[in-house]
Amino acid sequence: MKHRRFPSFAITLLLLLLLATHLPFNRSEGHDYTDALSKSILFFEGQRSGWLPPDQRMAWRATSGLGDGWTHHVDLTGGYYDAGDNVKFHFPMAFTATLLSWSVIEFGEMMPPAELRNTLVAVRWGTDYLLKSISQLPNRIFVQVGDPNSDHNCWERPEDMDTARTAYVVDAPNPASDVAGETAAALAAASMAFRSSDPGYSETLLRNAIKAFEYADTHRGAYSDNANIKDDVCPFYCDFDGYQDELLWGAAWLRRATQDNLYLDYIQNNGQTLDAEENINEFGWDNKHAGLNVLVSKEFLEGSMFELQSYKASADSFMCTLIPESSSSYHIDLTPGGLIYKPGGSNLQHSTTISFLLLVYANYLERTSQSATCGGTSVGPAELRQQAKRQVDYILGDNPKGMSYMVGYGERYPQRIHHRGSSIPSIKDRSEPIGCKDGSVYFNSPWPNPNVLVGALVGGPGEDDAFEDDRADFRKSEPTTYINAPFVGVLAYFAANPNLGW
């Protein structure tokens, strides 16, 4: 039997077609990380509460929340709305400020000067407000402004909101170790971020960080356990994972900011009693363990503080779970497209915080010529950075959907995000008030949001990489400040090192 021969060009074409059908998605030739960095910082201007300054760049927003705090005769204007609603939750806001500050500390020198300046402005918008929230210490701390139940029952612009602006307060001896501890961490980290550019402000931040930590440590317990506020902070930002990690986290940041041995002793003496070695594979607004271990490991790696070796061991263990090729007995879940995945919604918060830790730890290891120990193998800085880059590139468009999950970046990005101010016509375009239920027509609209919340990272796809551009699906389409905050540092690194791994 005579076999027919195919021309070589036909065989080549067939192979290319087969390859294309088996690729999970098409990768871009490269991303503009500097552009993404600029936009990730700009996002925070869209979340501002209070008086907006003349240089406000997110021009469709306007002043809001000017009466916040009046029921307690205190000024609680300013700060950030945490997500697509109009409530100021201080627990995630403080975490946002901590991660923005840490981004400046670790990667600020890599940022273009204008973006470093913009990042510091974003930090200060948060820390100025946090200072107000603890202005009545040592006996009182404000933990939230805005009734979330009435707010979530409305769909209205922050400029129009007429829901209750309740100021939620914790008075001594009632506990608030989580919020006070995170606030201490935020102010201590910010004091380092401002140390060279504004030493006076830096000193104010540090002085108040110490006061916040004293409340956290003296009145131990979760703020959401207080009966007078529990129903209005839960289930939104309940302390699900315990307050112990915030005590260690706050102490670790105060140690780094002050170099005071008092805080070093605190970390050493309380590590076991405060469960430092529990839940080490988590990092976010409610669980600080993985971040704590990376932060404290710096002192072990660079200062030969052998009594802190357990923190380095825990940091190593966490890093090993992130590298599929490592010999770790447990590996973190990845979607088919390669995105770090944890159940519960708003999944990109895990990808951005973990990417940040990957880069920070890679830097600590590289400076000391060390690696992460993964059983019988080791993982070096290059592998950690590669995993971080895979996460970043996925978020910016190298994914099965072929879309960016940052609003305003790339050719395809979410158009119908779960965000009140973005989805309702700007007060600049329609000045008459839009009431609580009047905004429903915009919530239910099939059309793209009229105001582009540039730089916002949405919750992102599910475990199967699926994403529907659906305003009602808040778990996937709602942006939050704490998804963006660590991404600022991550993008600063890749803007300075765009060709890593090419």
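What follows is a list of stops, each with something to select and a note on what is there.

**Before you start**

You're looking at a predicted model, in which local features need pLDDT of at least 70, side-chain atom pairs count only at pLDDT 80 or more, and totals for chains, interfaces and linings use all residues. Residues are numbered from 1 along each chain as its sequence is written, and side-chain values use heavy atoms, with hydrogens and water left out.

**Stop 1: the largest pocket**

Select Phe236, Tyr237, Trp285, Ser346 and Tyr482: of the 30 residues that line the largest pocket, these lie nearest its centre. The pocket holds about 840 Å³ of space. A pocket here comes from a 1 Å grid over the protein atoms alone: it is an open set of points where a 1.4 Å probe fits, with protein on both sides within 12 Å along at least five of seven lines, and lining residues have an atom within 4 Å of a point. Grid points are joined across faces, edges and corners, and the volume is the space filled by probe spheres set on the points.

Now colour the lining by class: there are eleven nonpolar, ten polar and nine charged residues. (Nonpolar means Ala, Val, Leu, Ile, Met, Phe, Trp, Tyr, Cys and Pro; charged means Asp, Glu, Lys and Arg; the others, Gly among them, are polar.) Helix H13 (348–367) and helix H17 (474–477) each supply at least two residues of that lining. Helices (H or I, at least four residues) and strands (E, at least two) are DSSP runs, numbered from the N terminus.

**Stop 2: aromatic pairs**

Keep Tyr237 and Tyr482 on screen. The structure holds 25 aromatic pairs, and these two tyrosines make an edge-to-face one, 6.1 Å centre to centre with 90 degrees between the planes. What does the pair of tyrosine 237 and tyrosine 482 tie together? Tyrosine 237 lies in the loop between helix H8 (230–233) and helix H9 (244–258), and tyrosine 482 in helix H18 (residues 481–496), so the pair links parts that are 245 residues apart in sequence.

The cut-offs: rings of Phe, Tyr and Trp (its six-membered ring) pair if their centres lie within 6.5 Å, and planes under 30 degrees apart count as stacked, over 60 as edge-to-face and the rest as tilted. Tyrosine 237 is buried at 6% relative accessibility, and tyrosine 482 is buried with a relative accessible area of 6%. (Buried is under 20% relative accessible area, exposed over 50%, partly exposed in between, using a 1.4 Å probe and protein chains only.)

Next, pick Tyr493 and Phe494. Their ring centres are 5.1 Å apart and their planes sit at 85 degrees, so this pair is edge-to-face. Phenylalanine 494 is buried at 0%, and tyrosine 493 is buried at 6%.

**Stop 3: charges over rings**

Jump to Arg48: its charged end sits over the ring of tryptophan 125, 4.3 Å from the centre. Then try Arg124, whose charged end sits over the ring of tyrosine 201, 3.6 Å from the centre. That label needs NZ of Lys or CZ of Arg within 6 Å of the ring centre and within 35 degrees of the ring normal.

**Stop 4**

Most residues other than glycine have a negative phi, and most peptide bonds are trans. With that in mind, zoom in on these:

- Ala172 and Pro173 are joined by a cis peptide bond, omega about 10 degrees; Pro173 is in the loop between strand E3 (167–171) and helix H6 (177–193).
- Cys234 and Pro235 are joined by a cis peptide bond, omega about 5 degrees; Pro235 is in the loop between H8 and H9.
- Ser346 has a positive phi of about 50 degrees, lies in the loop between helix H12 (309–322) and H13, and is buried at 14%.
- Asp465 has a positive phi of about 70 degrees, sits in the loop between helix H16 (440–443) and H17, and is buried at 4%.

**Stop 4: helix H11**

Finish by selecting residues 289–303, which make up helix H11. Step just past H11 and you reach serine 304, which takes a positive phi of about 50 degrees.

Technical notes
Expected span 1.5 Å × (residues − 1).
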